[in-house]
Each structure stands twice: as C-alpha cells, then as structure tokens.
Amino acid sequence: MNRYLVIFLGAVATVTFAFVVLVGVPRMQLASAGAPAGLAPYAATAQQGRELYTSLGCHYCHSQQVRTPSFGADSARGWGRASVPEDYVYDRPHLLGTMRTGPDLANIGVRQPSRDWHYLHLYQPRAVSPYSVMPSFPFLFTLKAQAEMGDEIVNTPPGLIPEGKVLIATPWAQALVDYLLAMKHDYDPHAVVGGGR
Amino acid sequence: MASIPLVYADTPPPQIAVSERVEADRSTRRPVLLFFHSAVVWLLVGSVLGLVASLKFQFPDWLTGQAVLTFGRVRAAHLNAVAYGWASMALVGVAVWMIPRLVRAPLHRPVVATAAAAGWNLFLVLGLGAILAGWTDGLEWLEIPYPIDAIVAVAGGLMATSVLVTVARRKTKHFYVSVWYALAALVWFPILFVTANLPVWSGVGQAAVNWWYGHNTLGLWITSLSLAAAYYLIPKVLGRPIRSYWLSLVGFWALAFFYSLNGIHHLIGGPVPTWLVTVSITASVMMVIPVAATAVNFHTTMAGRFGTLRHSPTLAFTVAGAMIYTAVSLQGSVEALRTVNRVTHFTHFTVGHAHLGVYGFASMIAFGAMYFIVPRLVNWEWPRPALIRWHFWLALTGIAIYFVALTIGGWLEGAWMLDPAKPFAAVVDVTRPYLVARSVGGTLMLAAHCVFAYHYWLMVRRRGPERQEPAWSDGRAAG
C-alpha cells in the first residue's frame, strides 16, 4: 500500500463501524428499557457503599449477572433468576464483573439478609466461610474497649477478637453492608414504571 | 506468491541508506530511550504488583491492614502498570524508532515525542496512585479516573501527531507492513480511549463500551504494535524478505475488521442482546483468517532458517512471541464459542489466556525488539550475553507454568461451577494447587525481569565488558 489516506481512513472506518455495531445499535435498542417497578434507586448510604465496593475492587472477584439455566447452574445454586438489562438501569459504573473467584452477588441481599453475617464476613471471611480466599477488611472496623453511644456493635463468635474488646462497624462498613443488602433482583423485571429513561 | 522486495525502485544506494539510518536513529534516540527506560521501570513495578496479587490467594490475610494494598486495588494497579506502562511504552518506543527508518525521514520534532513519553509517565504515576488510593472509574482496563486520562489523551495525541507528520514527510513511495500496523494503532488508540472514557455511559450499555474498548486495547493497540515490530525484526535479522505481500495485506485488513468486533465475547451469557454476543463470537472465529495469514507469512519467511534463533536474541524472543501469537489467537477463537465459554467464563482460564497474549506474545516481541534497538541507540553491545539466556528461559518457563496451571485449574473451576451438586467451597478448593503454581510462574517471570532490568541498566550506562560483536552471534552477522 502506498496511500497514506487509505490506511488512515481505513483505520478510522473499521473502528467506527465496530463502535456503531457493538455500542451504538444496542444503546438504541436498550433505550426503551424502562426502570422495573420492583427496583428502587440506591439509597444514599447504599450508593456510598457501592462506591466503596468499586474502590476496593470487589467486582474483580464477584460478578453481578445471573446466567440463564441453559448457560450453567446459576439459578440451581440459588443465585436468582437470569439478569436482564432492566436490572442495571441505576448502575453507574456497571459492575457486571468477569470473574467468579467468589460467588455471584446479584441477589446477595436476598440470599444473605443478616447484617451480622456480612460484618463478620468482611472483618474475617474465614470466620464464617473456612474455605474462603477473600481478603479480610479489618480497616473497615474498629476495636474498642467499650462501645460508645451510636456505635454499631458486631456480635462476634468467641476467639475472633481479643478478650475484653468490642468490634465496631465503621460508617464505611455500614454503608457497604447497606449496599450488599440492597442487591435484590427478585422482582418481575418487565413490570415497569413510566417509559424509557 | 510475490514476496515483499528488500529493494524497491526508490531504495537508495547502500552508503546513503546507512547514513539515513544513522540520521533516523539520531532523531529518535532521546524519545525512544525515555520510552524504554520508563517501560523497564513499569515492568518491574507491574510484576511486583502482579506477584503480590497472586500470593494473596495463598495468604488472604497478608497486607490487609490498609485499603491501599487490598487485592482489588493491587490487581487493578498491576494491570494498568503492565498494559499502559510496560507494554504500551515499550511498543510505542519500538514504533517511534522504526518509522523514521522505514519512511526514510528523521523523526519530526523529537522533543514532542519526548514530551509525550514524559506525559505518559505522569499519567501512570497519578493513575496508579489514584487506583491504590481508591479513586477509580471502576471499569476493567479503564480504572484510571478520567481527569487523569486527559493527560494520556494529550500525550497520545502528541505522539500520533509526531509520527503522522514524520510519515507525511517520507522519502519512500511505498509503506512497509510495519508502518500500516503502527500508523493504524496510533490512530486507533486515541479514538478508543477518548470514546470509552466519555462520562456518558451507564448500565448494560456501559458494559458494551467497556469491552469494545477493553478487547480493542489488546487487539488494535498492543497486538498491532507487536505485529509491526515482528514484521520489521524477522526479515531484518534474517536478511530475507517477508514471504508474501498479499498475505500481509489480508492479515492487516482482516485484523482491522474482525478484531474490532470481538469485544462482546466478554459478555457471553450476560444480560445483553443475544445478536450482539453472536456478532462478537462470529468475529472472534473469523480472526482465524488474519492469524493464519500472519502465521503462514512468518513461518514461510523463517522456513529453513530456524537455526538462526541460536545466534540472535532478537530473533529468539520475536519468533517465540510470533508463535505464541498464533497459539493464543486460535485459543481465543475457540474460547469464544458458547459451548466452551460457558465453562471458561468467570474463571482463571481467561486470566491464563490474557497472560499468554500480553506476555507470551506481546512482551516477548517487545523484549526482542529492545535487544535489537538499544545497541543501535547507545552504541554499545549487550555486555553479558549469558544474562539474555537467563532472561529468555526464565520468562518462557515462567509463562509456561503460569499458562498451563491456570488453563487446567480454570477449566476445572468452570466445570465444577456448572455442576450444582458441587458446593461453592469445592469450586474454590479445586483451584488452590493451580493458584500456587501461578505464583511460582509469576516468581520466575519477576526473576526474568530483574535479570533484564539489571542488564539493561549495565547497557545504558555502557558498563561491563566492551564487546565487538552482537550477543550470541559467534562471529555471524545476526544481531
């Protein structure tokens, strides 16, 4: 080839075509997806928790997308019904994930509604799931000799924390658990409110 | 088949050709060395981060006292350091060095390219700092926050301008294959990067943009720059033309068309329109065409001359990289099929595949290119050829262990995950020994990089014994 413009315009054309096909057309197609009536926007603390979840990179090991039964055992594992685009209308950034080093979390709020379980699991995953390879997040908690007014106390099993101390969930841990508990996608996704977005 | 001629009608006589090459190398010396120095530093940083992330699977309570070194941040910092620091800076350095030689015009305003390299480093320092501090856009391959992204957009724009102007002032009529790939890559990357970082995406649509971008960073950026280098180095070291002009043409345009459509195979089985996934699967399978064209072209160019690998570090690394390109690309085509992907998706299998591509293919070619280029920039031969052997075998053994371990472990992980009778604990447990092997492979790769970085440091300081002949050459002409 000896034409500068052929290479230049060819490069621009191929990548633009791919953008239109992979991004532009689906965007138009999905624009009609309305917000499901059963899905509430994130409350302020849950949204803060979602930001923490993103900043700690939880999504590198936990997907948030349930596949159809023809695509695996997701539903049989109790992870919920297959996800649809409507489930994500409030998600920015999207956290669909590409790994399941840990289980899918699309319905973690349904599957595990206990705050205490989540606190313990974040403080020391192996205290509740001995097989876990998840990192512990002790910096989301404080150990105090005595709880103060307004402290969120975590009920700990014996031996997890030093004798004579109490484990307090910081506001960060509380927000993160608010987010985890808010992940419930068990409504009918096609019963929508209003029209598009 | 018509081979690409070594001598064109407008090829200058040898003495002019040599002086033009000297002039070209003089114009690129500063920016290219800055790109290479930076790449070596980012390689070390990225490898340490990668090994820390890997070891965390064996020691999940290690380095958990602060958020800054939690797995999710170290992993993201690793990816950005090796993809945008090491691979991008090394391969852009190679492109900036090659293009003036190939178009017979010195680099236009080298200071612009040097500024681009400096800006690129600033982007990485701020970007990795942001990720570790917890400030992230949250998208794989696009973690660095978009205010910081503006820096690399400017740096990339400067780099592209410098190269595009150089090419516009060419003395050659014809563009060599390497120029097609390098030019296209420098056009593609700014378009991809700026579009994907626009703050207008959300939900499933954002996932589509995310993987349109993510896969094209591999396919249109890192792959194109690596192939540009391989197309230059293999015939150059052999002193023999690329076998087929026609095959290189097919390889280039088929890659441009099909690779750009691959991205959504990262969302197979996900909540996106089925037709969209099918488009990407089809394009992934069609990648067999450019890959086969390139593989046949390289192989027939090498045919009968494989013995040369023992006498040229450049050729050893580059040919290993080119062969792995064929393997990893064909693996990718198969991996995109729904029946295979339902097992491998969400597992370490994908991680093994990604490392075979970026490390076994792109990084090996970048190493090979640096072994060729640096002697020509610092006017000194590699002082310790034995260290190059250590580098080669440690790197190759390391990636082999890494890839085999994650391929087997990832497949088992996926197969067990599909079986609802297996509790999730069993799925985690089945991967354990393979993740230990991954840490072993990663340690060997880090060792390889320490050897390489030490040797590189000797080289650019012109330390060690002064040698008259290229490394491994034993009196032969190969370099």
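Chain B has an average pLDDT of 95, and 97% of its residues score at least 70; pLDDT is the predictor's confidence in each residue, from 0 to 100. The model as a whole scores ipTM 0.95 and pTM 0.96. This is a predicted model, in which local features need pLDDT of at least 70, side-chain atom pairs count only at pLDDT 80 or more, and totals for chains, interfaces and linings use all residues. Residues are numbered from 1 along each chain as its sequence is written, while chains are lettered from A and ligands numbered from 1 in the order in which they are written.

**The nonpolar cores**

- The largest nonpolar core has 182 residues; such a core is a set of buried Ala, Val, Leu, Ile, Met, Phe, Trp, Tyr and Cys residues joined through C-beta atoms within 7 Å.
- A residue is buried if 20 or more other C-beta atoms lie within 10 Å of its own, exposed if 12 or fewer, and partly exposed in between, with C-beta atoms placed from the backbone.
- Y181(B), A182(B) and L225(B) touch the most other members of the largest core.
- Helix α2 (residues 71-103) of chain B gives the most to this core, with 23 residues; helices (H or I, at least four residues) and strands (E, at least two) are DSSP runs, numbered from the N terminus.
- Apart from this core lies another, of 29 residues, which includes A46(A), A169(A), A175(A) and V177(A).
- Leaving out residues up to four places away in sequence, Y181(B) touches S224(B), L225(B), L227(B), A228(B), Y231(B) and F252(B); two residues are in contact if their C-beta atoms, placed from the backbone, lie within 7 Å.

**Where the two chains meet**

- The contact takes 57 residues from chain A and 69 residues from chain B.
- On the side of chain B that touches chain A, the elements giving two or more residues include α4 (146-168), α5 (177-197) and α7 (245-259) of chain B.
- α6(B) gives the most to that side, with 10 residues.
- By class, that side of chain B has 38 nonpolar, 21 polar and 10 charged residues. Here Ala, Val, Leu, Ile, Met, Phe, Trp, Tyr, Cys and Pro count as nonpolar, Asp, Glu, Lys and Arg as charged, and the others, Gly among them, as polar.
- G138(B) touches T54(A), P93(A) and L95(A), not counting residues up to four places away in sequence.
- G138(B) is found in the loop between α3 (110-133) and α4 of chain B, and this glycine is buried because 21 other C-beta atoms lie within 10 Å.
- A cis peptide bond joins R92(A) and P93(A), with omega about 0°.

- Three strands of chain A form an open sheet in the order β1-β3-β2, with antiparallel pairing; two strands pair if DSSP finds at least two bridges between them.
- β1 (141-144) and β2 (152-154) of chain A each have a single partner strand and stand at the edges, so one side of each is left without a neighbour in the sheet.
- From one strand to the next, the twist averages 40°; axes are lines fitted to C-alpha atoms, for helices over the stretch in contact, and angles run from 0 to 180 degrees between N-to-C directions.
- Helix α4 (residues 115-123) of chain A packs on the sheet, touching β1, β2 and β3 of chain A, and its direction makes about 70° with that of β2(A).
- Four bridges join β1(A) to β3(A), and L143(A) stands opposite L167(A) in β3(A).
- Three bridges join β2(A) to strand β3 (residues 166-169) of chain A; V154(A) has L167(A) as its bridge partner, and E152(A) stands opposite A169(A).
- The covered face of β3(A) holds L167(A) and A169(A), whereas V166(A) and I168(A) are on the uncovered one.

**Residues to look up in chain B**

- L63(B) has a phi near 55°, a positive value in a residue other than glycine. L63(B) sits in the loop between α1 and α2 of chain B and is partly exposed, with 16 other C-beta atoms within 10 Å.
- W472(B) also has a positive phi, near 70°. W472(B) lies in the segment after α14 of chain B and is buried, with 22 other C-beta atoms within 10 Å.
- A17(B) is found in helix α1 (residues 14-55) of chain B. A17(B) and R101(B) are 84 residues apart in sequence and 9.3 Å apart in space, C-alpha to C-alpha.
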